[in-house]
Each structure stands twice: as C-alpha cells, then as structure tokens.
Amino acid sequence: MSDTQSLATRTVRGLFWTGSAFALQIATTLVFYRLLGAERMGGFEWALLLVMLAALLCDLGLGSALVQDREAGDEHFDAAFWTCLAFGSAVTFLVLALAPSLAGWLSREETRDFESILSRLVLLVPFASVSGVFRARLQRDLRWRAMAAAEIAASFAHAALSFSLLAAGLGVMSVVYGALAREVVLLAGLAVAARWLPRPALRLQALRRIALFGLNLTGSRCLQYLGSNLPRLFIYPLLGEAAMGHFSFAYRLTLLPLVRVSTILTRVFFPTFSAIQENTDLLRRAYLRSVGAMALGYWPVLAGLALLAEPVVTLTRPDMAPAVWPLRLLALATLVKAAGTGVGSVFLARGRASWALYWSLFTLVVLVPSLYGSVDYGVAGVSGALAVTAVLFLVLSQHLANRLLEMGFADYLAVLWRPALVAASVALALGMTSPWRPEAPLAACAAGGLLAALGGLAGARLFAWNELMGLWRSARGE
C-alpha cells in the first residue's frame, strides 16, 4: 500500500470510528430534550458551556503540541500530564469555593439549582484536562479504532447512568451525573488503550519545548469555543432559559455536530497532515479530498434537515415550535461552515498555530456586533446572523489556506460542485413531494427521511459515484 493510500485509508476509517461515539451522544441528548423540555435543559446547557470552557483552558493545548512535535518523547508527555492535572485541579477547587457567588452572578433566576448543577459538573474538569495527553499518544500512531472504543464506551456509560438516574426521579441532575461518568470512563479507556502511565517527574525544559505551541493553540481554541458559543452568551442573559433551550436544540442538530466533526477532523487530519507537512503537493491533494468528502457526507443531510425542520421539531416536543426557523437557518450556516472545517488542521500542520489564534480573534470581532444587533429579533435573528457571517468567514479562511497549500479557489471549488448537486437532489425530492407527505410528525419524518435517502442516492449515483466508491475503497484499504 502506498503512503497516499495508507493515509487516505487511515483517515477515512478514523472519521468513521471517531464519529460513531458522537452519534450516540446526539441520540441521548434528543431523548433528554423530549423528557425534560427546553427550559430545564437550557439551564444545564448554560452550565455545561462554562464548564467545558474551563476544561479547554486547562488542557493548555499540550496534547496537540505533542502530536505536532514528532520528536517529543516520554519526558514531554510526563510534563504535559502533570501540568494539565495541576491546572485542572486548581480551577475545579476555585469554582467549588466560589460556586454560590458564581451561581448568583451567572444565573438569571433562582440560583440554588444552578449552583448544584455547576458545583457537580465542574468535577469533570480534571479528567477532561488530562485526557488530551493520552489521546495524543493514540493520535501519533493514528490508532483511531482504539481511541473510538474508549469514546464509545464513555458514551454508553453516559447514556446508561443518565437514563437510570432519570428513571429514579433525579431530573436534570441525571444529565449532570451522566456527563461526569462519561469523562471518567473516557479517561480510563484512553489510558488503557494508550498503554502508558505518567512517571512522577516534571522537567521544565521538556515543558518549555511544547508550551509555546500549546499556549497559542489554547488561545485559539478558547476563542473558537467562545465564537461557537457566543450566540448562547447573548441568548441566555437577554432572552431567558426557554430561548436558550430552543437555540441549543437547533444548535445540537446542526452546528454542534459540525463542531464535533471539526474536532474529529483535527484529531484525524492534524496528525495525518503533520506526517506529510513537508510534501505540499501531497498535503494539498489530501486536503482537497477531505473537503470533498466532508461536503458529500454533510450537505445532503443538512438539505434534508432544513426541509424537514418542522416535523423534526414537533416530533421532539410540540412546545418546541419556536426552534423551527432557528433550525433551518442554522442548517444553512452549517452547510457553509462544513466546507471549511479542514482549514484549522492545515494551519496546525504547517506550524501556524499563531494564525489560528489571530483568526479566532478576528471572528470574535465580527461576531460580537453582529449578534448584538440581531438578538432583538429573537433566536431566529441570531441564527440568521450566524448564516450571513459564515459566508464571510469561509471566503477569508480559505484564502489563507490557499496560500499555505499553493492553490487557487478554482481548485477548491472543483471538489464542491458534485456534493452540491447531491444536496440539490435531496432538496428536489423533498420539495416536490411536500404536498403529499403526512401531517403526523412521526409519519412525516419517516416519509421525509425515506424520500431524502432516495433523492440522495439518486444524486450520488448520477453525480458523485466515483467519489463515493473512492471513499469506500479507502475505508477497505484497497
């Protein structure tokens, strides 16, 4: 097997294995929205947003630095582990000590429930902060199946414990304890898969070697996280918990999967691209292939979701109707963003972590006034602003990637027209049959899903069959 074929095979398999765990998480979350409702889940979403930001800060980007530095050894892994654990533990103790004050400041209404959620949810930070070090050892060897096995086990633990506690009457706290269980099981699974444990040693020289790249990346990731969640930072304080729940529901079906897929892409493409970073031609071809595969896999699904938004939302809960238009607009925003998910991996593989940081700062500068001006129009207005700014960000970020890959926009667009035709086939199949679809939400979703699948298969057979077969052959290692 050639190097190109080997990398393609491992990349396609990596996307499959690492994406499977997230599909289970999505299904679990939808069940909780149906059982608990938008308002109660809105408070949990707010606390989770804050806690995951803290976990991201405490990761310090050191795991990715270990992946990028191909000569880093065990002493660098040891230094990264103990540094991340120290930061994660310190932040956790700080939040626990300040939980009553933070709850009063961060929660809009009665603070007792929010304080309970926050003080328990923050316990996952030390586990999440060191998971990246174990994951880095698996990423360096492109061991996606082992990494995915840990994540799938963690997702099952999350679902099993959450539903058990919900049946016992714990309400929204069942989701909190489920999230804690997920991080603990994930860390244990990654440690077993990596077959490595840190030694009780921390050499400052080893830490300095990986710190600069890691800190640049941490700044970029935190800003990206804020940018991804900036709408909710406006919605919760200004529009309330119900609006937060409606937006978060639409976000979890559209942008959040893309954010997770982007994380998966970074985990898969970053080490893959880093392995070929000196070969510009090979890197360019690998990137363009990833863009085409991403669009081919994502665009038809988004087209179907946008046209089936009403029955999907109504099926979840009848009182979730305000989430219909946000779901449609966020599907459009996600369609645009999906075409640029590999840009960050190109920045990192080329050693341009600072570019990623500056880009994240720029997106925040644009998003803050855009969202502030749109929040008066409710959740739909915020969603529309995200769709408009997504177009601007795609054009500018791709221009930067083109410079690093020594290519033009014609090369980039050449891999997107086939996925666009497949997505159009899905939209045409649903649009032409909409007058005859049943009105009952379950029947409408079932009939719409079948029609979307048929339209997508027809479009793929007509316009993108060779590309699909190429991905299939890569997955099989041919």
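**Overall fold, nonpolar core and a buried serine**

The protein puts about 20200 Å² of surface on show, and carbon and sulfur atoms supply 66% of that area. This is a predicted model, and what it shows is a helical protein: 21 helices and zero strands. Out of 478 residues, 55% count as buried. Contacts reach well along the chain, too. Among those with a separation of 6 or more, 83% link residues 24 or more positions apart.

Next, the inside. In soluble globular proteins, nonpolar side chains tend to be buried together. Here, the largest nonpolar core takes in 67 residues, and those with the most contacts inside it are Phe-44, Leu-121, Leu-124, Val-125, Phe-247, Leu-371 and Leu-386. The top contributor to this core is helix H2, spanning residues 38-59, which hands over ten residues. As for Leu-371, once residues up to four places away in sequence are set aside, it touches Leu-230, Pro-231 and Phe-234, along with Val-382, Ala-385 and Leu-386.

Then there is Ser-248, a residue of helix H10, which runs over residues 241-253. Ser-248 counts as buried because its relative accessibility is 0%, and the cut-off for that label is under 20%. With neighbours within four places in sequence left out, Ser-248 is in contact with Tyr-33, Glu-45 and Arg-232.

Methods:
Residues are numbered from 1 along each chain as its sequence is written. This is a predicted model: local features need pLDDT of at least 70, side-chain atom pairs count only at pLDDT 80 or more; totals for chains, interfaces and linings use all residues. Side-chain values use heavy atoms; hydrogens and water are left out. A nonpolar core is a set of buried Ala, Val, Leu, Ile, Met, Phe, Trp, Tyr and Cys residues joined through side-chain atoms within 4.5 Å. Buried means under 20% relative accessible area, exposed over 50%, partly exposed in between (1.4 Å probe, protein chains only). Helices (H or I, at least four residues) and strands (E, at least two) are DSSP runs, numbered from the N terminus. Contact means heavy atoms within 4.5 Å. Accessible areas come from the Shrake-Rupley method with a 1.4 Å probe; for residues, only the protein chains shown count as cover.
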